[in-house]
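Have the coordinates open while you read.

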Amino acid sequence: LPTEYELTQNYPNPFNPSTKISWQSPVSSHQTLKVYDVLGNEVATLVNEYKPAGSYEVTFDASSLSSGIYLYKIQSGNFIQTKKMILIK
């Protein structure tokens, strides 16, 4: 099991039209993973559920979005982290 929280950089980055986002949580908790545009508008909710401690990966399909910079944010317990990704079409 993981010993610390971690949100990794998406791969590939830049991407078109899909990318993988990985994270790990050392404790069981309700976890949310959301994607936002640069104006702070939520464009996707990738995860919103209780998950046991462990490592996870989701694929984000941005085929309906326009090119640009997007932010993805994980919330797990009291851990919050945000990273940037670039969509190029």
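The points below go from the whole chain down to single residues.

1. Ground rules. This is a predicted model, so local features need pLDDT of at least 70 and side-chain atom pairs count only at pLDDT 80 or more, while totals for chains, interfaces and linings use all residues. Numbering starts from 1 along each chain as its sequence is written, and side-chain values use heavy atoms, with hydrogens and water left out.

2. Overall make-up. The protein chain comes to 0 helices and 7 strands. Read from the N terminus, the order is β-β-β-β-β-β-β.

3. Size. Along the principal axes, the C-alpha atoms fill a box of roughly 35 × 25 × 15 Å.

4. Of the 89 residues, 37% count as buried. The cut-offs are under 20% relative accessible area for buried, over 50% for exposed and partly exposed in between, with a 1.4 Å probe and protein chains only. Contact means heavy atoms within 4.5 Å. Among contacts between residues at least 6 apart in sequence, 56% join residues at least 24 apart.

5. The core. Which residues have the most contacts inside the largest nonpolar core? They are Ile21, Trp23, Leu33, Val35, Phe60, Tyr72 and Met85, in a core of 19 residues. Two or more residues each come from β2 (18-25), β3 (29-37), β4 (42-51), β5, β6 and β7 (79-87). For the record, a nonpolar core is a set of buried Ala, Val, Leu, Ile, Met, Phe, Trp, Tyr and Cys residues joined through side-chain atoms within 4.5 Å.

6. The open sheet. 3 strands make an open sheet, ordered β1-β2-β5, with antiparallel pairing. β1 (6-7) and β5 are at the edges with a single partner strand each, so one side of each has no neighbour in the sheet. Pairing here requires at least two DSSP bridges between two strands. β2 and β5 share 8 bridges; Trp23 has Tyr56 of β5 as its bridge partner, and Lys20 stands opposite Thr59 in β5.

7. The faces of β5. In a regular strand the side chains alternate between the two faces of the sheet. The covered face of β5 holds Gly54, Tyr56, Val58 and Phe60, whereas Ser55, Glu57, Thr59 and Asp61 are on the uncovered one.

8. β3 and its partners. 7 of the 9 residues of β3 are buried, so β3 is largely enclosed by the rest of the structure. β3 runs antiparallel to β4, with 8 bridges, and antiparallel to β6, with 7 bridges. His30 is partnered with Tyr50 in β4, and Gln31 stands opposite Ser76 in β6. The hairpin of β3 and β4 has 4 residues between the strands, and Gly40 there takes a positive phi near 90°.

9. Thr19. Leaving aside residues up to four places away in sequence, Thr19 touches Asn10, Tyr11, Pro12, Val58, Thr59, Phe60 and Met85.

10. Salt bridges. The count is 2, taking a side-chain nitrogen of Lys or Arg within 4 Å of a carboxyl oxygen of Asp or Glu. Lys34 meets Glu42 at 3.5 Å, N to O; Lys34 is partly exposed at 21%, and Glu42 is partly exposed at 41%. Lys51 pairs with Glu49, with the closest N and O atoms 3.3 Å apart. Lys51 counts as buried at 15%, while Glu49 is partly exposed at 40%.

11. Ser64. This residue is in the loop between β5 (54-61) and β6 (68-76). Ser64 is exposed, with a relative accessible area of 68%. Ser64 and Lys51 are 13 residues apart along the chain, and their C-alpha atoms are separated by 28 Å.
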